[in-house]
Structures are given as structure tokens and as C-alpha cells.
Amino acid sequence: MCIVMAMATPRNPVLQLVLVRRVSTAGQAVDGYGLPAQEADCRRWAKAQTAPRIRIVHMVTDGDGKGGKSGTTLLDERPGLMEAVEWIAEGQADGILAPNLDRLARELTVQEAVLSYVWALGGRVFTADHGEHLEDDASDPMRTAMRQMRGVFHQLDRGLIIKRLTEGRSAKGERGGYAYGAPRFGQRVEEGELTDDERENAIAEQMERWRDEEGLSIRAICARANEKGLRSKRGGKWHPTTVQRLLSPEARERARRQSARARAERKEQQRRERAARLLAQR
């Protein structure tokens, strides 16, 4: 009698991954690669894997359909990505899965920082368009070079998107069209174009008459407009500075310059804070 002994074969290991999605306002405006499409690509890739098998145990998102999250922001500015990292640190997941490296970061330095952090925790990094991104190996420098090359092109792509949007807005503004920003009082946007707002223009003309014919001061005009229930651009009450900007081109220009300076100062402050965080992570 011949007895055939069945050999026990171990089950294929299962990797538990956190699906990471990100949408940015500029990117979605150009490529339309939204959150549902990113999730579908990742789940399709995960389902096709057999050795090892993949199980998506959690999903995180940075940005949404209304407000995006830039791919140039650092790890601690990405709550979704931070949550994914916490799952790895706590042993609830083996790594992360993103649609592509572009969704992790669109700046090479940020990409490398994210990968290094995940690897340092013992986690693994996968993307649906490539598979696993292995840790750097001194015996295989091409691995690092090719990955970083992809990061360079993602960064270039982001720069080209911003360049196209900026040039398009500038060209439209030069033609007299609506480029960006809030329309001034007396105008509104219809189907992407500026048009006159009759209600707002009537209010502006009324205020001019109070100033020119009755000699009312800015504060008196403001008080009368509020008494009569005339609403400002955003539907609220009038303030003297708002009335002054409406009635004085010089005041509007000063306000525009002040806003531009404030934006530049905020940008510089953000740059300094980001540099400090990068140095602290060394």
C-alpha cells in the first residue's frame, strides 16, 4: 500500500496597507484625477496581487473636492498621511499604498522625507502604477536614482501646471476678462466672465450722490447705508474703510498693495516655518 502524505503549504502572507489619497486644487483642475479615481486604481491593483496578497485595512485622505492639499506640504501638515504613519507605528498596518508617488508628494525633498519616515518605522511603500518602492541599497544606486528621477518629473509637472494657470489668468485679465480673485463691488461672475451687478452699482451711485450732493462724510454715508439696509458685497453691514475703498480709486489701490504685502509676508513666514521643521527633522 502506497500512502501519499500531503505536504502542508503555508498560506500566502497578507500585507495590510493603508490607502493614501490626495487631491490638490491645481492638479484636479488640470488632470481631473479625483479621489474616487485614485481609490479605484489602488483597489484594482491590490485585488490583482497574489504574492503577497494585499488587504486594504484603512483609507486616509488629504484634501477634498472643495479644498485641496498641496503635494509640497511637509508630513506634519498632512493629517491623512500622518494618520497612515500612525497605523504603521502602532502595528496596525504594514505600509501604505498610493496611486503614484505624485499623490504622496510633488516635490522631491518632500517625497524622499515621506519615504524615509515610513521606512524608518519598518513600513513598506507601494504605488498602484509601480508596485513596491524598496529602500535604498548601496549595492543598487540605480534604484534610488530612478525613483528620484520620477520625483523630479513630478515636481516639474507641478511647476508647469502652475505656470499654465498663471499665464492663462494673466492673459484673460489682459483681455478684460475675469482672471481670479473676488470681483469688485459692482461686478459679479457669470459663466466665468465678469458682468455688471445692477443692484451693487445702484448702491454705489447712491453713495456718490450722498457724498457729492449732500456733502456727507464717509462715516455718515456708512451709517445711512446701514440704516437703510443696503448690504455690502458679502451681505453684511458697511464699515467706513469699505465705503472709502468703494468711493476712492486711490483707497482701493492702497488696499490692493496692502493685501499684496500681507500675502507676501505670509508666504515668507510659511517658508521660514517650513525650513525650521525640515532642520528639526535632521
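Two rings of Phe, Tyr or Trp count as an aromatic pair if their centres lie within 6.5 Å, where the ring taken for Trp is its six-membered one. I write this down before anything else, and I also note that the model I am reading is a predicted one.

**Entry on aromatic rings**

I searched the whole structure with that rule in mind, and the search gave 1 aromatic pair. The partners are tryptophan 45 and phenylalanine 126, whose ring centres are 5.8 Å apart and whose planes make an angle of 45°, so I recorded the pair as tilted, because planes under 30 degrees apart would count as stacked and planes over 60 as edge-to-face.

While still on rings, I looked at tryptophan 210 and saw that the charged end of arginine 224 sits over its ring, at 5.1 Å from the ring centre.

**Entry on salt bridges**

How many salt bridges does the structure hold? I found 13 of them, and I followed up a few.

I began with glutamate 39 and arginine 21, whose side chains meet in a salt bridge with an N to O distance of 3.5 Å. Glutamate 39 lies in helix H2 (residues 35-48) and arginine 21 in strand E1 (residues 14-22), and this pair, 18 residues apart, again links distant parts of the chain. Are the two partners buried or exposed? Glutamate 39 has 21% relative accessibility and therefore counts as partly exposed, whereas arginine 21, at 11%, is buried, because buried means under 20%. I also noted that Arg21 and Glu39 belong, together with Arg43, to a network of salt bridges.

Next I turned to arginine 44 and aspartate 41, whose closest N and O atoms are 2.8 Å apart in their salt bridge. These two are 3 residues apart in helix H2, which means that about one helical turn separates them. Arginine 44 is exposed at 54% relative accessibility, while aspartate 41 is partly exposed at 26%.

Last, I looked at glutamate 200 and arginine 199, whose side chains form a salt bridge at 3.8 Å from N to O. I wrote down that glutamate 200 is buried, with a relative accessible area of 4%, and that arginine 199 is partly exposed, with 42%.

Methods
Residues are numbered from 1 along each chain as its sequence is written. This is a predicted model: local features need pLDDT of at least 70, side-chain atom pairs count only at pLDDT 80 or more; totals for chains, interfaces and linings use all residues. Side-chain values use heavy atoms; hydrogens and water are left out. A salt bridge is a side-chain nitrogen of Lys or Arg within 4 Å of a carboxyl oxygen of Asp or Glu. Helices (H or I, at least four residues) and strands (E, at least two) are DSSP runs, numbered from the N terminus. Buried means under 20% relative accessible area, exposed over 50%, partly exposed in between (1.4 Å probe, protein chains only). A charge sits over a ring if NZ of Lys or CZ of Arg is within 6 Å of the ring centre and within 35 degrees of the ring normal.
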